Amino acid sequence: MSIKYIASSKLPTPWGVFAMHGFEDTETGKEHIALTLGEWDSQSPILGRIHSECLTGDALFSLRCDCGFQLQTAMKNIADVGQGFILYLRQEGRGIGLLNKIRAYELQDQGANTVEANEKLGFAADMRKYDMILPMMEKIGIQKVKLMTNNPRKVKAMKDLGIEVVERIPLQVGKNRYNESYLRTKSTQLGHLMSEDYFADEGKE
Ligand SMILES: Nc1nc2c(ncn2[C@@H]2O[C@H](COP(=O)(O)OP(=O)(O)OP(=O)(O)O)[C@@H](O)[C@H]2O)c(=O)[nH]1
Ligand SMILES: [Zn+2]
């Protein structure tokens, strides 16, 4: 793993003008992004999110998952407090890539759940790695985080890298009739922490 900082620019969004910092993984050629808003000293706990790329949810308005809703809510929450970061990591499809995710969706259209579909294709349920986080966090000067996620493995990954997660903030947004079983599978098979209230809230969104 070799992460190289490349350049920074402004990124105006509906929620505020973020700074965008580009990084290259020189081994894989993957291009990762950090968005930051506001300023801090390295000892302050900063609100943030580690977001895994989901072209379909983040850019194409897909209702099959909750990714786009989580990304927008995280950006809004950061803007509301005036300070925070998002690491946008290019590990599409939990690390299997976009085309394999479409293959997995095809199997899901035939009745498989997200875990079964990955396994039928010969992949583990979740192939993501998080070691690129450390050099990115060092560059943006953050050592302590308040992390917006439902995924305890992300919290553990950060802690294993030596980053202090002072708080986990649930990000339960975007449930709809197309992603309910996907969310259930995340909760029952992938360890995501989601409250029963979230599922009980039938008919919302
Ligand atoms: N292989 C596969 N990947 C998927 C599927 N649906 C979404 N993804 C990918 O899953 C990743 C997001 O992971 P999630 O498990 O939804 O959520 P998380 O990032 O672990 O946890 P949160 O921080 O709570 O959002 C993105 O890279 C998506 O492209 C699917 O059905 N199959
Ligand atoms: Zn998604």
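Me: Before anything else, what does "near" a molecule mean here?
Reply: A residue is near a molecule if its C-beta atom, placed from the backbone, lies within 6 Å of it. Keep in mind that this is a predicted model.

Me: OK. Which residues come nearest to ligand 1?
Reply: S52, C54, T149, N150 and N151 come nearest, out of 22 residues around ligand 1.

Me: And which elements give two or more residues to that shell?
Reply: Those elements are α2, α3 (98–109) and α4 (114–120).

Me: How do the shell residues divide into nonpolar, polar and charged?
Reply: Six are nonpolar, ten are polar and six are charged.

Me: Which domains does the shell draw on?
Reply: Domain 1 (3–91 + 132–199) and domain 2 (93–127) each supply at least three residues to the shell around ligand 1.

Me: Let's stay with the domains. How far apart are their C-alpha centres?
Reply: The centres of domain 1 and domain 2 lie 22 Å apart.

Me: How many residues of each are in contact?
Reply: Nine residues of domain 1 are in contact with nine residues of domain 2. On the domain 1 side, helix α7 (residues 180–189) gives the largest share, four residues. By class, that side of domain 1 has three nonpolar, five polar and one charged residues.

Me: Where is C65, and is it buried or exposed?
Reply: C65 is in the loop between α1 (55–59) and α2 (67–81). C65 counts as buried because it has 22 C-beta neighbours inside 10 Å, and the cut-off for buried is 20 or more.

Me: What does C65 touch?
Reply: Leaving out residues up to four places away in sequence, C65 touches C54, G57, N179 and Y182.

Me: And C67, where is that and what does it touch?
Reply: C67 is in helix α2. With residues up to four places away in sequence left out, C67 touches C54, G57 and D58. C67 is buried because 20 other C-beta atoms lie within 10 Å.

Me: What else does UniProt list?
Reply: The unreviewed entry also lists residues 7–170 as "domain: GTP cyclohydrolase II". In the model, the end C-alpha atoms of residues 7–170 lie 31 Å apart, and the span is 34% helix and 30% strand.

Me: New topic: strands. How many residues of β4 are buried?
Reply: Seven of the eight residues in β4 (residues 45–52) are buried.

Me: Which strands does β4 pair with?
Reply: One is β6 (residues 144–148), which runs parallel to β4 and is joined to it by four bridges. Another is β5 (residues 84–89), paired with β4 in the parallel sense over five bridges.

Me: Which residues stand opposite each other?
Reply: In β6, V145 is the bridge partner of I46. In β5, L87 stands opposite I50.

Me: How far is I133 from F199?
Reply: They are 66 residues apart in sequence and 31 Å apart in space, C-alpha to C-alpha.

Me: What about Y178 and R64? How far apart are they?
Reply: Y178 and R64 are 114 residues apart in sequence but 5.4 Å apart in space, C-alpha to C-alpha. Y178 lies in the loop between β7 (164–169) and α7. Y178 touches L63 and R64, not counting residues up to four places away in sequence. Y178 counts as exposed because it has 11 C-beta neighbours inside 10 Å.

How values were computed
Residues are numbered from 1 along each chain as its sequence is written. Chains are lettered from A and ligands numbered from 1 in the order in which they are written. This is a predicted model: local features need pLDDT of at least 70, side-chain atom pairs count only at pLDDT 80 or more; totals for chains, interfaces and linings use all residues. A residue is buried if 20 or more other C-beta atoms lie within 10 Å of its own, exposed if 12 or fewer, and partly exposed in between; C-beta atoms are placed from the backbone. Two strands pair if DSSP finds at least two bridges between them. Two residues are in contact if their C-beta atoms, placed from the backbone, lie within 7 Å. Ala, Val, Leu, Ile, Met, Phe, Trp, Tyr, Cys and Pro count as nonpolar, Asp, Glu, Lys and Arg as charged, and the others, Gly among them, as polar. Domain bounds come from an automatic or database domain assignment. UniProt positions are given in the numbering used here, feature names are shortened, and annotations may be inferred rather than shown by experiment.
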